Amino acid sequence: MIEVSAFKWVPPFARGLVRDLRVRWALEEAGVPYRVRLIDFDDRETAAYRALQPFGQVPAYHDGELSMFESGAIVLHIAAGAPALMPTDAGGQARATTWLFAALNSIEPPIQNLAELDLFNADQEWARLRRPGLVAFVEQRLGELASNLGDKDYLEADGFTAGDLMMVTVLRNLRHTDLMAKFPNLAAYQARCEARPAFQAALAAQLGDFVELEPA
């Protein structure tokens, strides 16, 4: 059976954002059973875990003789065999893959930078000076994404794909801000994707692991 690594515990602000959620969601959409290997922070440094994930992060993915790391690569691998995540025609597959990479390369970096600034450095003077420019860049990227989405339900008119899955997991990193409210069609798009039963199942599973094992 497929095995996905995830943390036993993370601080409350990170719950529902850790990247094993992407893989769990993809597997739920694909209807593929899997089990979760819960690790703590010390486990990340072991030679056995570094053999699966060279950077000590989650998720790591193991399926028989195949081991993978990096959530984008894993989701793309799952999507390749899942009509629920990937169109059957070559053009549709190429567009879905493009959106997956756009989420990781064009949208996530500025959002991640803003989240790290706000959550870890908000009390620093340099962070207060840096934030307006970073917010402007995030808003620019969101505006470009919102313009492309228009009034479509998903990024591609044909329906939900792995590109949407990845994009929404990236947008969730703005939940500590009010930036999404400035783009109503994006906010509605995120809510639409998060209402999918597969997302709800994946999120509940991740949060359930944290609650069950959180230290007293």
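1. Buried means under 20% relative accessible area, exposed over 50%, and partly exposed in between, with a 1.4 Å probe and protein chains only. By that rule helix α6 is mostly covered, with 10 of its 10 residues buried. The buried residues of α6 include Leu 165, Met 166, Met 167, Val 168 and Leu 171, and also Asp 164 and Thr 169.

2. Some ground rules for reading this note. The model is predicted: local features need pLDDT of at least 70 and side-chain atom pairs count only at pLDDT 80 or more, whereas totals for chains, interfaces and linings use all residues. Residues are numbered from 1 along each chain as its sequence is written, and side-chain values use heavy atoms, with hydrogens and water left out. Helices (H or I, at least four residues) and strands (E, at least two) are DSSP runs, numbered from the N terminus.

3. What covers α6? The cover of its buried residues includes α1, α3 (71-80), α4 (90-120), α5 and α7 (184-194). Contact here means heavy atoms within 4.5 Å.

4. The N-terminal end of α6 is capped by Thr 161, which has a side-chain oxygen 3.0 Å from the backbone nitrogen of Gly 163. A polar contact is a pair of N or O atoms within 3.5 Å; within protein, one must be able to donate a hydrogen and the other to accept it, and residues adjacent in sequence count only if both atoms are side-chain atoms. Glu 156, in the loop between α5 and α6, makes a side-chain polar contact of 3.0 Å with Arg 95. Glu 156 touches Trp 99 as well as Arg 95, leaving aside residues up to four places away in sequence.

5. There are 6 aromatic pairs in the structure. Rings of Phe, Tyr and Trp (its six-membered ring) pair if their centres lie within 6.5 Å; planes under 30 degrees apart count as stacked, over 60 as edge-to-face and the rest as tilted. The pair of Trp 25 and Phe 160 is tilted, because the ring centres are 5.8 Å apart and the planes stand at 35°. This pair links distant parts of the chain, 135 residues apart: Trp 25 belongs to α1 (residues 20-30), and Phe 160 to the loop between α5 (125-149) and α6 (162-171). Trp 25 is buried at 0% relative accessibility, and Phe 160 is buried at 9%.

6. Phe 160 has a further partner. Its ring and that of Tyr 154 have centres 5.7 Å apart and planes at 80°, so this pair is edge-to-face. Tyr 154 is buried too, with a relative accessible area of 15%. Ring pairs join Trp 25, Tyr 154, Phe 160 and Phe 199 into a cluster. The charged end of Arg 196 sits over the ring of Phe 160, 3.9 Å from its centre; the test is NZ of Lys or CZ of Arg within 6 Å of the ring centre and within 35 degrees of the ring normal.

7. A nonpolar core is a set of buried Ala, Val, Leu, Ile, Met, Phe, Trp, Tyr and Cys residues joined through side-chain atoms within 4.5 Å. The largest one has 56 residues, and Trp 25, Met 167, Leu 171 and Tyr 189 are among those with the most contacts inside it. At least two residues come from each of β1 (2-7), α1, α3, α4, α5, α6, α7 and α8 (197-213). α4 gives the most, with 10 residues. Domain 1 (2-84 + 199-209) and domain 2 (90-196) each contribute at least three residues to this core. A second, separate core of 9 residues includes Phe 7, Val 10, Ile 39 and Val 58.

8. The domain bounds come from an automatic or database domain assignment. The centres of domain 1 and domain 2, taken over C-alpha atoms, are 21 Å apart. In contact across the two are 21 residues of domain 1 and 22 residues of domain 2.

9. Two backbone details deserve a check. The peptide bond from Val 58 to Pro 59 is cis, with omega near 5°; Pro 59 is in the loop between α2 (47-52) and β3 (60-63). Glu 70, a residue other than glycine, has a positive phi near 75°. Glu 70 lies in the loop between β4 (66-69) and α3 and is partly exposed at 38% relative accessible area.
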